[in-house]
Amino acid sequence: MIRTQSTVTVHTPPPVPGYGLAPPTPGDALAFLARGVGPDRAAGEWLGACKRAGAPTAGLSVDEMMRVSGRLAEQDGVVGVIGQSLVVRVRTYRLLAGSFSRAESSR
Amino acid sequence: MSGEMMTDGAADPIRDNARLAEIAALGLTAAEVDGVLQQTVEEAASRLGLPTAMVSIVMDEAQWFAAHTGLPAWMAEARGTPVEWSFCANAVRTGEPFVVEDATTHPLVKNIPIVDLDNVRCYAGIPLVTSTRQTLGTLCVIGTEPKSFSQAELDTLRTLAKQAMDRIEERRRE
């Protein structure tokens, strides 16, 4: 699937077969943050975390999403909990996708 | 997945900001594993004769295993799962114990992928409720075979859940 944000075109990783889990996108992260702290603060938290992680604000790879989620998880209060949720979701995706990929390549 | 009970937005207790703020205030998503909580989950698994037990903190979009024993390798490494795979979220939503004798036939969990792919069959979770009446997650046990939980077993789990909650409350003063 192709997702386009701003001028960046990104191949969104496919869901893990069987589990149906896709990694969270920047759009997901912004929606989770907006639900927790409101859209204005959400945008600021997202931009700040991207900057601290040295990542772009859109079109992130899974590794970049992990880094940005980790920076959010370091924040105090509700933002930190939302960041930790994102960390778990990205980590789960990476572990299951890696396991599936290894199983496929050993066939 | 527990989608049948899911509601969107602020109405879903899982996403309640006061609850999430309490999780943050108690430092429950720290990477370090609390020794008392770890002892409690090991005792829970041993006393109920099941392979897996954990203190699961249910966040907005994922659950976090603050202490755990006997988990499949990937879950132990992830230290959690997406919230839509969380059996414990059902106990957080209702504030009541959540018991599953056979996950393959239970309407709230039978479609969660870990039931088939990670062989989750039985489950019992006791809500962890703070002095401020926020339900953080559960102390729970999991087995790989269907099982009926006796009242005595659930009472044991309640006692251990209180022990875990006492320890969590101590963290306010640390």
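Strand β1 (residues 52–58) of chain B has seven of its seven residues buried, so the rest of the structure largely encloses it. Buried here means that 20 or more other C-beta atoms lie within 10 Å of a residue's own; with 12 or fewer a residue is exposed, and in between it is partly exposed, the C-beta atoms being placed from the backbone. Strands and helices are DSSP runs numbered from the N terminus, with at least two residues (E) for a strand and at least four (H or I) for a helix. This is a predicted model, in which local features need pLDDT of at least 70 and side-chain atom pairs count only at pLDDT 80 or more, while totals for chains, interfaces and linings use all residues. Residues are numbered from 1 along each chain as its sequence is written, chains are lettered from A and ligands numbered from 1 in the order in which they are written.

In a regular strand the side chains alternate between the two faces of the sheet. In β1(B), B:T52, B:M54, B:S56 and B:V58 point one way, while B:A53, B:V55 and B:I57 point the other way. Both sets are buried.

On one side, β1(B) pairs with strand β6 (residues 135–143) of chain B, antiparallel and over six bridges; two strands pair if DSSP finds at least two bridges between them. In this pairing B:I57 has B:G137 of β6(B) as its bridge partner. Strand β2 (residues 62–69) of chain B also runs antiparallel to β1(B) and is joined to it by six bridges. Here B:M54 sits opposite B:H68 of β2(B). Three residues lie between β1(B) and β2(B), and the two strands form a hairpin. Moving on from β2(B), three bridges join it to β3(B), again antiparallel, with B:A62 opposite B:P82 of β3(B).

Put together, the six strands of chain B make an open sheet in the order β3-β2-β1-β6-β5-β4, with antiparallel pairing. The edges are β3 (80–82) and β4 (98–100) of chain B, each with a single partner strand, so one side of each has no neighbour in the sheet. On average, neighbouring strands of this sheet are turned by 20° against each other, direction ignored. Axes are lines fitted to C-alpha atoms (for helices, over the stretch in contact), and angles run from 0 to 180 degrees between N-to-C directions.

The sheet also meets the other chain. Helix α4(A) lies across β2 and β3 of chain B, running at about 75° to β2(B). Between the two chains, 22 residues of chain A are in contact with 21 residues of chain B, contact meaning that the C-beta atoms of two residues, placed from the backbone, lie within 7 Å. On the chain A side, α1 (26–37) and α4 each supply at least two of the residues that touch chain B. The largest share, 14 residues, comes from α4(A). By class, that side of chain A has nine nonpolar, nine polar and four charged residues. Ala, Val, Leu, Ile, Met, Phe, Trp, Tyr, Cys and Pro count as nonpolar, Asp, Glu, Lys and Arg as charged, and the others, Gly among them, as polar.

Within chain A, helix α4 (residues 77–105) packs against helix α3 (residues 62–73) at an angle of about 155°, the axes being 7 Å apart. Residues making the contact include A:M65, A:M66 and A:L72 of α3(A) and A:I82, A:L86 and A:V90 of α4(A). The contact has eleven nonpolar, five polar and one charged residues.

The loop between α3 and α4 of chain A holds A:Q75, which counts as partly exposed because it has 18 C-beta neighbours inside 10 Å. Leaving aside neighbours within four places in sequence, A:Q75 is in contact with A:G80 and A:G83.

Two loop residues of chain B stand out by their backbone. Most residues other than glycine have a negative phi. B:N119, in the loop between α5 (113–117) and β5 (122–129) of chain B, has a positive phi of about 60° although it is not a glycine. With 13 C-beta neighbours inside 10 Å, B:N119 is partly exposed. B:R133 lies in the loop between β5 and β6 of chain B, and its phi, about 70°, is positive too, although it is not a glycine. B:R133 is exposed, with 10 other C-beta atoms within 10 Å.
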